Amino acid sequence: MAEVEYPDEFGRPLLRSGVSERIWKLRHTDPEAFKREVREYFARAYPGWTVVRAKYPDIFLRDDRDRELK
Amino acid sequence: MLNDITVFDFETSGLDPVNDRVIEIAAIRIRDGQVVSEFSTLVRLTDRELSPKVTELTGITPEMLAGGMDETLAFKILRNLMGDSLLVAHNAAFDLQFLHWGMQRIGGKTFSNDFIDTLTIARDRFTYPHRLEDLCQRLGIALDGAHRALNDVYACWKLLQTMHEQEPVDNWVNRLGYLRKYPPPVWVPAHAKVFPTDNRYEPKVVG
């Protein structure tokens with residue numbers, strides 16, 4: 001079996017994505033605003049995906065599109 | 001031959017690989033038939049406005065791009081994900097040119113990976129039309145949300161698998177067909193074997 005990078009709880013790879021430097025800067029100056037902006041950004045840009053982890057420069061997303069259809 | 005591949009796709013602000021920009025990148029690395037890495041990001045446009053036509057085609061809006069990743073970082077992550085794997089794209093002449101010019105802009109480099117163009121294979125094997133969504137429909141491949149890069153990447157991978165099962169695609173590595181009625185691509189990788197080709201059409205049914 002090939003080794004999966006950044007696996008979720010089922011061993012599938014999480015989607016690696018990211019946001020602008022402006023949003024990343026909020027992480028240090030206003031952590032709550034950072035979380036809010038990241039959530040809002042991905043709700044708009046990648047609907048159906050859920051943010052599960054943020055570690056510069058990566059934001060990791062889980063594919064919940066099937067769950068939304070149910 | 002397909003044991004280590006990267007299927008990738010760009011959505012772009014236009015058709016000119018030198019002057020237009022990549023606005024979305026998606027790529028999956030597949031080893032031994034298993035997806036081991038997924039990457040998809042919107043890329044911030046810094047010095048131009050997004051055409052409404054692009055928004056109409058892709059669903060990507062200027063507001064979405066405003067929070068997107070910077071181009072330099074996006075291309076570095078893509079380069080790292082690709083490694084030395086075989087690149088796969090549908091209409092690779094387009095995506096490879098944007099990859100080249102993106103890498104040129106951020107670091108004055110290019111790539112030397114081997115590649116497969118699923119469009120070139122499809123033109124040889126199937127009658128017109130050859131858009132990804134047309135081929136998916138013809139071959140029974142699910143494609144939800146065409147023209148968002150990650151959806152197109154998965155469809156392209158399934159298309160490659162299907163065509164490889166029908167007849168091995170080994171002979172198509174680094175071959176890049178272009179329609180004879182148009183000029184060849186302005187830039188191609190040095191190792192590409194470029195050749196003119198024609199669309200084939202279903203015979204017209206009369207009566």
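Colleague: What makes you say that strand β1 of chain A and β3(B) are joined?

Modeller: Strand β1 (residues 15–17) of chain A and β3(B) share 2 bridges and run parallel. Two strands pair if DSSP finds at least two bridges between them, so these two count as paired. A:Leu15 stands opposite B:Glu38 there. This is a predicted model, where local features need pLDDT of at least 70 and side-chain atom pairs 80 or more, while totals for chains, interfaces and linings use all residues. Residues are numbered from 1 along each chain as written, with chains lettered from A and ligands numbered from 1 in written order.

Colleague: Why is β3 of chain B called a strand, and which strand of chain B pairs with it?

Modeller: Strands are DSSP runs of E with at least two residues, helices runs of H or I with at least four, both numbered from the N terminus. β3 of chain B covers residues 34–42, so it qualifies. Strand β2 (residues 22–31) of chain B pairs with it in the antiparallel sense over 8 bridges, and B:Ile28 stands opposite B:Glu38.

Colleague: What order do the strands of the open sheet take, and why do some stand at the edges?

Modeller: The 8 strands run β2(A)-β3(A)-β1(A)-β3(B)-β2(B)-β1(B)-β4(B)-β5(B), with mixed pairing. β2 (49–55) of chain A and β5 (115–117) of chain B each have a single partner strand, so one side of each lacks a neighbour in the sheet.

Colleague: How many residues make the contact between the chains?

Modeller: Taking contact as C-beta atoms, placed from the backbone, within 7 Å, chain B gives 19 residues and chain A 18. The largest share of chain B's side, 9 residues, comes from β3(B).

Conventions. Contact = placed C-beta atoms within 7 Å.
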